[in-house]
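Here's a quick briefing on how this one packs together. Have the structure open while you go through the points below.

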Amino acid sequence: MTHSSPTLPEPAQLRREFHLDGIVQGVGFRPFVYGLALSHRLTGYVLNDANGVTIGVQGSAAQLADFARKLKTLAPPLSRIDSFSQREIPQSDDPDFDGAFHIRASEQQSAATVAISPDQGMCEACARDITNPADRHHRYPFTNCTHCGPRYSIIRRLPYDRPHTAMAGFAMCPNCASAYKDPLDRRYHAQPVSCPECGPQLTWRLGSGDSLVERKEALQAAARALQEGALIAVKGMGGYHLMCDARSEQAVARLRQLKRRARKPLAVMMGSLDEAKLHVEGGEAEWQLLCSQPRPITLLRKKPSAELPPRTVPLSEDIAPGIAYLGVMLPYTPLHQLLLEACAIPLVATSANGRGSPILIQCDALVAELGAQIDGILDHDRPILHPCDDSLVQWAGGRRQTLRLARGYAPCTPSLKEAVTQSVLAVGAQQKNQLALAFGRQRIYSPYIGDLHSLPMQQHFEQTLDTFCGLYDLKPSTLVSDPHPGYFSHQWAKDYCAAEGASHLEVQHHHAHLLGVMAEHDIRGPVLGFAFDGTGLGDDGSLWGGELLIADVKGFERVAHLKPFRLIGSEQAIREPVRQLLGLLFESHTPDEISALDLPVICQMLAERINNLHQLWCLGRNAPYTSAMGRLFDAVAALLDLVDEPDYEGEAGLLLEAAALRLAPDAEPWPLHFEITESADGPLLIDWAPLIEELLARRNKVPVANLAAGFICAICELIVTLAERFPAYPVALGGGVFQNRVLMDQLIPRLESAGREVLTSEILPLNDGGIAAGQLWFAIHHLAEPGSTALPAVSES
């Protein structure tokens, strides 16, 4: 349907057509154009199609010039213009140039290029509406407008119009229809627009799925249950959360038992910034991140219990046991805001799924998987079409870090300066998997998918891929993967290419880490890249992860790496850090000498078991070499008796970080160091042996906090020293080790004070979630210039 303004009397002199793509649908762009055209007294039209927004206008040369300038400078806050073109069009009998300005109905086209907007947290205007008794949206849990609300999670196909969303089944009442059709209304073409008269409604259910009460009574019933210590599921924007009283040890213990998550940190949803400040500490940048419209989970330093204000009930210690940080988020939908207000307690909010399964989005699946173990379900009838987890961020080294790219940030759609000649799909890594696509000038990073170890997660991977290929009518002709043959993503890409005749490229894991950083900064390199993580398959068949590479978009040269040691039992060693410690100690100690070291983690082992592991080490049977810095973290955490059997990936690093943060204000980190060994014809070798021997000598004489802080300082010093040897390059940091805030808070100022340019990912994850972006960046440049060009020999200064 078109909406016409009153006839504009001034005659037109020129006609011009503008085309814009980017995030220009579902963000209030057409009403913005409409209002701008009226203010400039222009006639013509604006329309959405699958390729963006097209505008035809008629007016004087001065009017058109000012209109074009303001299109770019005054665009709606959630929009992003990736390309902007204009052309003169001839005078014709087009009925839309009739003295008025029109909004044309959207057009469907086969080749979609418009960027999909991520789901957005509640805006301030909608927050005011739900608290205003005079507003028809008062206390309505699904209030939204063009500046907020669901997008990605409800879209079926492009262009983004209501019939193409999960709201297609909700007929608008006269008031909502009027707002939806009025270009000057904040809810003009807000596709999920609704109100209590016509929109989705709440239902409070038993764990069996049986309905008890609806609407406002449902919200109150859920709030009472939470206040009484219940464990419930709440349907959010991108899936169900499990929620309980964050102060209740019993409720949190029940949740952990259900999730089979012994110690992995849980997120807490607080009702307001003031409430968050009761329990955590932060700087101004961290508070701004917490309060930003994406409403991510933000990692903030826990406030010591002794510093809590009087009568403040502390949070359960079991929410994030043993570590220094707490993941906090603020309500991001009206439903969450109303629930937090009704129960007036902080709530644990973690994804409703079993271990190894994606977040649940349908009530019947929730009931089948978890219903018998929960006390109720706060449900609603707006379908979730695409699951989307909560984003996770922190502030480290004076910069934002994204640890999980999801709701509020993804789909992430940075455009390309030059179009690719064919569609490309990067399938990412095995852990923290995300997908990346490129076609035309469009680049898309999917929301976080997860670890691909289980069949349900592999199906989630394929469903996410089907979503994006379906929305954009894509059939990728080039695929790029990690070369590791055991990765599901690699196997999937190989099978797809064999079946479809597509090309298959492979990118080494740590090169991809650094390419992801380069992709975010839109550079080709070369860079001096430190790639420190858990493990990734190296070019020599060993497991890398403590690498210094000179890298560009074509290739890399390995110029230094951690001295390799054996992972006794391979994957089993990752689950038992004592095996990693033994892999280090067997290099210079006999089994009897190791038994005599009086290390707690060793003392609990029988001598026979130590001898058996030594035999495996000697034979090299199921004991691959690794140069991974992340594995060294595990071994040091075991040596310092901080971890026995990790509950989650990265726990050892977080426990070491927590120990380092316990260093007394007047104390110094214990001096530890790596030794850099020169090589006549190969990479520099980073020898950990002096550091390990010093830790063994001091473990019973020096506080653990000083030793843990000393270990992190030694890594910082190592990086600074190595960077000094190669002064000609910007320094790029990639890999999960650089999520360590204590390290980053020391390292970045040290490098920058030495005059070095330091590149890190702020939008993309530094961990394996950024691998697909790096793979894609490699493929884009491979297609532009086929064939790999080796880097020239690199010399030190």
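His460 sits in helix H11, and in this predicted model it's tucked away: with a relative accessible area of 7%, His460 falls under the 20% cut-off and so counts as buried. Leaving aside residues up to four places away in sequence, His460 touches Pro358, Pro387 and Ile449.

**H11 against H12**
- Helix H11 covers residues 455-471 and helix H12 covers 488-500; their axes come within 11 Å and cross at roughly 50°.
- The crossing of H11 past H12 is right-handed.
- On the H11 side, the contact uses Gln458, Phe461, Glu462 and Leu465, while H12 brings Phe488, Ser489 and Trp492.
- Sorted by class, that contact has 4 nonpolar, 2 polar and 1 charged residues.

**H13 against H24**
- Here helix H13 (residues 509-521) packs on helix H24 (residues 771-784) at about 85°, with the axes 7 Å apart.
- An angle from 65 to 115 degrees counts as roughly perpendicular, so that's the label for H13 and H24.
- H13 puts in His509, His511, Ala512, His513, Leu515, Gly516, Met518 and Ala519.
- Facing them from H24 are Ile771, Ala773, Gly774, Gln775, Trp777 and Phe778.
- The class count for H13 with H24 is 8 nonpolar, 6 polar and no charged residues.

**The nonpolar cores**
- The largest nonpolar core has 202 residues, and Phe674, Ile692 and Phe711 have the most contacts inside it.
- Helix H22 (residues 704-725) gives the most to this core, with 14 residues.
- If you click on Ile692, look for Leu584, Leu585, Leu632, Val636 and Leu639, which it touches once residues up to four places away in sequence are set aside.
- There's also a second, separate core of 32 residues, including Ile155, Leu435, Leu471 and Phe488.
- As background, nonpolar side chains tend to be buried together in soluble globular proteins.

- The buried ones are Glu651, Ala652, Gly653, Leu655, Leu656, Glu657, Ala658, Ala659 and Ala660.
- What do the buried residues of H20 pack against? Their partners are strand E13 (325-329), helix H19 (629-639), H22 and helix H23 (741-753).

Technical notes. Residues numbered from 1 in each chain as written. Predicted model: local features only at pLDDT ≥ 70, side-chain atom pairs only at ≥ 80, totals over all residues. Heavy atoms only, no water. Core = buried A, V, L, I, M, F, W, Y, C linked by side-chain atoms within 4.5 Å. Buried < 20%, exposed > 50% of the residue type's maximum accessible area, 1.4 Å probe, protein only. Helix = DSSP H or I, 4+ residues; strand = E, 2+ residues; numbered from the N terminus. Contact = heavy atoms within 4.5 Å. Axes fitted to C-alpha atoms, helices over the stretch in contact; angles between N-to-C directions. Left-handed = near helix turned anticlockwise from the far one by under 90°. Nonpolar A, V, L, I, M, F, W, Y, C, P; charged D, E, K, R; others polar. Parallel < 35°, antiparallel > 145°, perpendicular 65-115°, else oblique.
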